[in-house]
Amino acid sequence: MPTGPEPVTADPPAARLPLRRRLLPVIALLLLAPWAAECSWGGFAIDDVLPVLIFLGPMYGGAAILIRETARHLGAGWPTIVLLAAAFGVLQAGLVDQSLFNPGYLDDTQYADTRAAAEATLVPGLEFSLRQAFDYVGNHILLTICAPIVLIESFLGPGRRLRPWLSRPGLVVVAVVYLLGSLLVFTSSEGRKNFLASPLQLAFAGTVIIVLIGAALLPSWRKPRPRPTDPSSVGATRRSRRAPHPLWVGLLVVVVRFGADLTPGWPGVAIALTLAAAAGGLIAYWSSRSGWGERHVLVAGTAGLVTAAAFAYLVPPYSPASPAAALAGDIAVSVVTVALVGGAWWRLAAPHRTVFRAGRGPQSRPG
């Protein structure tokens, strides 16, 4: 039982905040998700960034907000977010723009030459590339959902970082925005490109989505871990098993990103899936160790984004662009990425001091 006043954080409950402060992280995530998904790796030149944010913001940003709010309202953590992000990746690529089942989806872009490599890993009967499925869904997990969420949360104070931002009416509005954005992509010639997957393909994608959502909503993700009865012995064990430095976590994610592209065809897919599973398991193990903190989460969530931004200079945009526009876009990506990740790292290191207010107990404030 508590023996003293209950501590409260510096940030007041969401209901007490001004409307603009409550909506600021929501708007930031709405814009950051499409930028991370489509622009952070060099997919668009500088003059196409704003149209991308406007056109894809409701779908990508709406999904990121709904996933984040679902997890935080349930009191769940990153396993739920990652599984819901995977479900969104299948939904986006399998049902909305259906790029997963459309072999000619990239034929009108500067990535048309990737079609042969994709067709080397076609799944018989369902006729989709497992290589492309891994890339599409993996990029949605890392770039569209996880990186934007961890960045925005890192900029918030400890009292708001893991709390919901929106009430039920706000969630309804975001859900409508997401549905309208998805419908816009589905009906657009630039979105679905007039392709329609077969009933079997659509049923397969729908089944995978339901399974992933069901796994994400399991009650076990929301149960607190049991605490052992012998704190002294547990403390000694946890001290001897300390989490590594956050940069080692980032290096692990980078190794997976590079290792996934070592070999083409089915061997490459097997290597990619093995590396991803091993890295996920190792990160989950490290997160249970003493010393695991918000900076570890930040690095794990943004290492893929940093890697994508670093190699933006080596890949062409979807559509041909002038060298100046393409270079300007890549430089902008570097600047934005460094500012976001560096600012989040600094924000998590901001010192706090404890003060007392009459009748309120201790309160932590930024120093």
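Where does Ser129 lie? Please start there, and then tell me what surrounds that residue.

Modeller: Happy to! Bear in mind that this is a predicted model, in which local features need pLDDT of at least 70 and side-chain atom pairs count only at pLDDT 80 or more, while totals for chains, interfaces and linings use all residues. Numbering runs from 1 along each chain as its sequence is written, and side-chain values use heavy atoms, with hydrogens and water left out.

Ser129 sits in the loop between helix H4 (115-119) and helix H5 (130-155). Helices here are DSSP runs of H or I with at least four residues, strands are runs of E with at least two, and both are numbered from the N terminus. Ser129 counts as buried because its relative accessible area is 2%; buried means under 20%, exposed over 50% and partly exposed in between, with a 1.4 Å probe and protein chains only.

Setting aside neighbours within four places in sequence, Ser129 is in contact (heavy atoms within 4.5 Å) with Leu100, Ala118, Thr121 and Leu122.

Let's move on into helix H5, where Thr144 is found. Thr144 is buried because its relative accessible area is 1%. Its side chain and that of His140 are joined by a polar contact of 2.9 Å. Not counting residues up to four places away in sequence, Thr144 touches Ala33, Ala37, Tyr60, Ala64, Phe88 and Asn139.

Charged pairs come next. Side chains of opposite charge can pair when their charged atoms come close. With a salt bridge taken as a side-chain nitrogen of Lys or Arg within 4 Å of a carboxyl oxygen of Asp or Glu, a search of the whole structure finds 8 of them. One is formed by Glu153 and Arg68, with their closest N and O atoms 2.8 Å apart. Glu153 belongs to helix H5 and Arg68 to helix H2 (residues 49-74), so this pair ties together parts that are 85 residues apart in sequence.

Another salt bridge joins the side chains of Asp261 and Arg131, at 3.7 Å from N to O. This pair links distant parts of the chain, 130 residues apart: Arg131 is in helix H5, and Asp261 is in the loop between helix H10 (246-259) and helix H11 (265-287). Asp261 is exposed, at 55% relative accessibility, whereas Arg131 is buried, at 12%. Asp107 and Arg115 also meet through their side chains in a salt bridge, 2.7 Å from N to O. Here Asp107 is partly exposed at 37%, and Arg115 is partly exposed at 31%.

What about the other end of the chain? Gly343 lies in helix H13 and is buried, with a relative accessible area of 18%. The C-alpha atoms of Gly343 and Leu151 are separated by 9.0 Å, although these residues are 192 apart along the chain. Leaving out neighbours within four places in sequence, Gly343 is in contact with Phe155 and Val338.

Among contacts between residues at least 6 apart in sequence, 79% join residues at least 24 apart. A disulfide would be a pair of cysteine sulfur atoms within 2.5 Å, and by this rule the count comes to 0. Cys39 is buried at 2% relative accessible area, as is Cys146 at 7%.

Key: A polar contact is a pair of N or O atoms within 3.5 Å; within protein, one must be able to donate a hydrogen and the other to accept it, and residues adjacent in sequence count only if both atoms are side-chain atoms.
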